Amino acid sequence: MANTSFRNLKVAVLVPCYNEGQTVASVVRDFRKALPEAVIYVYDNNSKDDTVARAKEAGAVVRGERSQGKGNVIRRMFADIDADLYVMVDGDDTYDASCVPSFLEYMLANNLDMVNGERIHESEQAYRFGHQFGNRLLTGLVGTFFRKEFNDMLSGLKIFSRRFVKSFPALTRGFDIETELTVHALEMRMAVGEMTVAYRERPEGSISKLSTYRDGWRILTTIARFLKEERPMQFFGACGAVLAILSLGLSVPLIMTFLETGLVPRLPTAVLVVGLMLTAVLSVTAGLILDTVTRGRQEMKRLLYLSVPATQGERV
């Protein structure tokens, strides 16, 4: 077995679980083999099966979170667990644990705060076309609006530094937590990286908790919300521009008629034109004000992030 100790560093493996009794023991055993000195935490999220018993039998530290949703579980894990390096992985036994030591080594060698696992699927059943398309679309949107650093934003395997975890607010409740993790890293301008990981099919009888359309819509609205909150000038400026263009377009016939006859016969249209232009001005003004507020909030988040010492260590 490869030497996988990390000098003077506490490594925690975080496994959020909901009805993963069929696979969680395998996940715990694989990560125990890959990282023998790490502490493996399984947080159960009101499972109806034997997830808790299987995780305990495999040797994990098992705790619970009653508020339903992956985001709620991650929030609890980040608050409760104290470590230098955090490995977060889904409990469905689809990720190759043997690659994680190289992930940690890459993180330490490059002083990174986050390393994302880009999934390389071994079969079409492991990574369905609908999920691939949705992931590419949503990852592309985040890359366009914020910064392109990742090819697989929704991957369930991620490595974090201590200062990432302890400065992360964790406001989302469900599968949109991966979007929040990504936007947080990009907005804080953290040093991040991405490495490929083999992604295999779920064992027969194991069912994915991800709903393609429901969770896809939730992630899309989360991206829109982060755009409004983190890029208010662009968001409200674009809204103002659309309203102003609409107002100018409706005003052209009114102006032409007024120049020819000296009259404004379509008074409701004139009122609508004025209303749209006023709303456009208010939207741009709101964007300017919120942009100043956002800058102050980002400065506070950055100072909180810098108050946590960087992780220093090496593989031995």
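## Strand β1

Both faces of strand β1 are covered: V11, V13, V15 and C17 are buried on one side, and A12, L14 and P16 are buried on the other. Here, buried means under 20% relative accessible area, exposed means over 50%, and partly exposed lies in between (1.4 Å probe, protein chains only). In a regular strand the side chains alternate between the two faces of the sheet. Strand β1 spans residues 11-17, and seven of its seven residues are buried. Strands (E, at least two residues) and helices (H or I, at least four) are DSSP runs, numbered from the N terminus.

The model is predicted: local features need pLDDT of at least 70, side-chain atom pairs count only at pLDDT 80 or more, and totals for chains, interfaces and linings use all residues. Residues are numbered from 1 along each chain as its sequence is written, and side-chain values use heavy atoms, with hydrogens and water left out.

## The sheet

Seven strands form an open sheet of mixed pairing, in the order β3-β2-β1-β4-β6-β5-β7. The edge strands, β3 (61-64) and β7 (192-199), each pair on one side only. From one strand to the next, the twist averages 20°, where axes are lines fitted to C-alpha atoms (for helices over the stretch in contact) and angles run from 0 to 180 degrees between N-to-C directions. Two strands pair if DSSP finds at least two bridges between them.

Strand β1 is joined by four bridges to β4 (residues 85-88), and the two run parallel; A12 stands opposite Y86 in β4. Strand β1 also pairs with β2 (residues 39-44) in the parallel sense, over six bridges, and V13 has I40 in β2 as its bridge partner. Between β1 and β2 the chain passes through helix α1 (residues 24-34), and this β-α-β crossover is right-handed: with the strands pointing away from the viewer, the path from the first strand over the helix to the second runs clockwise. Strand β2 in turn pairs with β3 in the parallel sense over four bridges, and Y43 stands opposite R63 in β3.

## A buried glycine

G174 is found in the loop between α6 (162-165) and α7 (177-187). Its relative accessible area is 5%, so G174 is buried. The C-alpha atoms of G174 and N72 are separated by 7.0 Å, although these residues are 102 residues apart along the chain.

## Helix α9

I255 has its place in helix α9 (residues 232-261). This residue counts as partly exposed because its relative accessibility is 45%.
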